[in-house]
Amino acid sequence: MSDLLPIELREECAPLAGHPEHLIHVLRRVQETVGFISPDSEAFVSDLLGVTLSRVHGVVTFYHLFYTEPRGRHTVRLCRGTACHVGGAGGIQSALEEHLGIKPGETTEDLAVTLETVACLGACALAPVMVVDEGYHGKLTAAEAVAIVDRTLSGEAEAG
Amino acid sequence: MSTATEVICAPQQALEALRAFAADGMCGRCIPCPIATRQSIAMLERITSGEGEAVDLDRLTRVSTELIDAARCPKGEEAAKKLGEALASPEFARHVEGICGSGACAALTRYRVIPERCTMCGACQEACPRDAIEGDPFIAWRGDNKPYVIRLEKCDGCAKCVAACPADAIERVT
Amino acid sequence: MAKEITLHIDGQPVTVPEGTKILQAAESIGIEIPRLCYFEGLPASGSCRLCLVEIEGQSRLAVSCTQRVKEGMAVLTASDRVLRSRRFILELIWSTHDGDCTTCEKAGACDLQRYTYDLDVDKEKYGLYAPDEIPSDLGDPLLERNLRLCILCGRCIRACREKSQGILDFMERGMSTIVTTSLNRPLAESGCDFCGSCIEVCPVGCLVERDRKLRGREWEFESVETLCGHCNLGCTQVIDLAHGEIVRTRPGADGYLCVRGKFGWDYLSSDDRLTAPLVRNGDSLQETTWAEALARAAEGLAGAGSVAGLVGPNVTNETVKAFGELLATSFGSQDVGFTGGGVPFGALSTFGGLKALAGVGDVEKAKKILAIGPSLAEGFPRARLAIKRAVDAGAKLIVVDPNESELAAIATLHLKPKAGAEAALLTAIGKALVDGDLHNAEAEGVAEAIPAIRELGVPDAGVSPEAIAEAAKLFAKGKGVVVSSALTCDVLSRSAGLLMLTGRKKGALLPLHPSANPWAGVLLSAGASGDGAKGIYALGTDPVAAGEPPNADFLVVQDLFLTKTAEMADVVLPLRAFAEEEGTVVGAGGKLIAVNAAAPSDLPANWQILADLADAAGKPLPYKSIRDVRAAAKETISAVKGSLAFPSMNGAGDSEELRPYERFELPEPSWVARSQIRRGGSAAGVSEAKEEVAA
């Protein structure tokens, strides 16, 4: 996956040159376009807006919103809230970590899945809850969670 | 790591709340809040694993009161206040004494076989990852079948035996 | 006048201007409120929370470093509640601070240590949580960053932003927050210019100069204040000595040193320093006594017939004055040249004399700045800082540089002449001033010069007439200075011309020179030709390295090291380095500024060596003490007056062709090869140096 910024994006951002107050907006646009923010992208933003590279990187690493590595095609989010915790979210997390070979915050080598944990999703009646892409799945066992993730991946293989 | 039982105790609740705060809301841009949060998490982890001491409770109480002034923003204040409210529970002192009344803390939870209900099927022994259960399977023509026994010193409260027992013959000790 | 506010702090009344912060108001009456993130001169962040105070009537504690005073406020800086909070915060800091005061370099000068003592804080209260992954040394050259000691006060971030390149920031968030460069790259790869401003503000031992480590405790140091001699901007430099050896330098009250002032002192104790006189014996030079060497030198020079002297720009006024006097009195020669190289006094003498010389203070207060020349910011970081401060305060900046540069990026107007055409461009701007009637017709000497300027043809500098007209319009009025790292005669004389045309005569021209005392040449009478001289005395200068080997029957060289020129000499005398000398230099406005002998030396003072040589020649100097020399120097300098004849603005440049673009026309000072700092002090230069040192 190339992280070079497309010409359209550069043209879109050009009018903002020299205006540091647009830092977050430009970073969002880069992420929306490329999927993540690479060191080269940071350098581009730094030069364009006149913001030091240290400040750009500080902002990128501060907000959960920004990713510094390419993300998986699918995102699996596990709820960390109290109800889910009590309902066995820990076991689901361990099972998924083992099955996918990654820890929360990481992405599988083939860029298929990114695993994340999030604070309460507000679906406590369904505890424990897992969100795969846009879909909510509740009252899971570890085995069921793994199966759902596998189905998602193989569904992709079928479609693709 | 807790059990799969659907219970939670006050110290675990406080721990999860702080972990959630640390992962999401806590910015880390003032000096007291991130350190207080991290130390409090460390102390609560000790308390819920059976290593808590009375001095940890003193320290946690101090955090819950002093962080209200010291934190730079309402988020830190809120976290401190929530911790203070949680600390009001007598469960904390009991955890320090080694008892997690609700069975939520595996390290402080022990199980025992209820002798009169045990059918000596051996399922618990098979399920136990710690080899903590002693006993022999039921042999019909023998007259000296004895109920299984869980060695408390080896039990780590994982409750796998509870899930495995078909006769509801295992109960929580603490 | 600013409105005054009266409030009470700890029961004491204090009156301060509106806008003063509570912490500053307290300080003004001698009450120190503890603080770790606040630092005078940097923007306040209010993040350490140590400076919290109680204000009567307010339920929340207030941040005294950011909150302004209000009329009638009643502040308590040490109530029980405040003290409890302070102790709590210090206890927390200790729980992440993996250090040992007994061996820490900062002991005795550490704010954390001091407040812990003052408040009797229990450092073990929260144990110690310092994960192994936190690095204790990030491996940068020149300074050590030990993040295990970092308390996340952010002072280094703000200092780097204010004074240098802004390469540090808080990275990550929450409990993972650290202070470092983008992607935690090494400093040398992150644009660090190694000014050491971060070290100055770090309250604990996280940032330490590598050369300072294990060289002594803070309370053992003896500190001497002087001026840094690496360029003519004259930043105050404090030299710390332990057991008589230099351990560290740091800025003085003006608060800034660049990499050369901060780390470029190691050459002083190089093993290659000349420590004893040498005399030629056939093919080789041999060590001898001072008496022998001086006798030989006196004899050789006297016997040579005609004698010429050459002196370099890195010595004190007293040395130059004594040198000129020696040549005149003892050897009957007026032929003494000041090899400042590229420093044309002609420009000054036709422009108000030395009073026209500007200093960094003039630049920081200027409203209009004309910055000429290549690598100005990189070569002279203090000038860069001064220009940046002025621009931040609203000054308009015109940059003349064929290349893009840091200063060009913040300029109001960036003019890009063809290479070598700076002087032509300045002429064109001068003409535009006059043609547009933007000049100051009442200014001294101007009216007479106007007709000639109107007659001038406009040379082609490669810049559009519109841009030139804009520059003229921009620069015409307001407190203005010209700062130039291009030191050719033409550039400086035309700069002087522009300043005269716009009525600016005092503190207006700042040629940037990589030497300590480039104006000392005014202490000598006529310039030297050195032609035909049979005896030559070269002091603190290396003609061979400059490409002009001296052709003499008898050569005396006095220098820090055995330079190429010294290798040719008949007598070689050691020279006391600038940092080792007590004396004066010529500073802004032509004032004499004192420097102290801050670095140790076993050599006699330079003026003394010259006086001894005069004695050996049988014609002593009229000086009994350094005060005599200084007085004589002062007299000479005050006699230097500008002739106020208008400098030549003629054409492309006198009879000289447009020169190829050169950064400096000077040979590298002899100390550079023996220092860990390269000229310019760029980060790349530092890494190269480190590799060479390691090799």
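## A mixed sheet in chain C

Two strands count as paired here if DSSP finds at least two bridges between them. In this predicted model, that rule gives an open sheet of seven strands in chain C, running β14-β13-β24-β23-β22-β15-β16 with mixed pairing. The edges belong to β14 (284–287) and β16 (336–338) of chain C; each has a single partner strand, so one side of each is left without a neighbour in the sheet. On average, neighbouring strands are turned by 20 degrees against each other, ignoring direction.

Now for the β14 end. Strand β13 (residues 278–281) of chain C runs antiparallel to β14(C), and four bridges join them. Take Val279(C): its bridge partner in β14(C) is Gln286(C). There's a helix on this sheet too: α7 (residues 290–304) of chain C packs on it, touching β13, β15, β22, β23 and β24 of chain C. The direction of α7 makes about 130 degrees with that of β24(C).

## Where chain A meets chain C

Here, 12 residues of chain A are in contact with 13 residues of chain C. The two chains bury about 1,000 Å² between them, with carbon and sulfur atoms giving 54% of that.

What salt bridge does Arg55(A) form? Its partner is Asp169(C), with the closest N and O atoms 3.1 Å apart. On the chain A side, α3 (39–49) and α4 (53–62) are the elements that give two or more residues, and α4(A) gives the most, with seven.

## Chain B's two domains

Chain B is assigned domain 1 (10–97) and domain 2 (110–172). Their C-alpha centres lie 38 Å apart.

How values were computed: Residues are numbered from 1 along each chain as its sequence is written. Chains are lettered from A and ligands numbered from 1 in the order in which they are written. This is a predicted model: local features need pLDDT of at least 70, side-chain atom pairs count only at pLDDT 80 or more; totals for chains, interfaces and linings use all residues. Side-chain values use heavy atoms; hydrogens and water are left out. Axes are lines fitted to C-alpha atoms, for helices over the stretch in contact, and angles run from 0 to 180 degrees between N-to-C directions. Contact means heavy atoms within 4.5 Å. Domain bounds come from an automatic or database domain assignment. Buried area is the accessible area (1.4 Å probe) that two parts lose on being put together, summed over both. A salt bridge is a side-chain nitrogen of Lys or Arg within 4 Å of a carboxyl oxygen of Asp or Glu.
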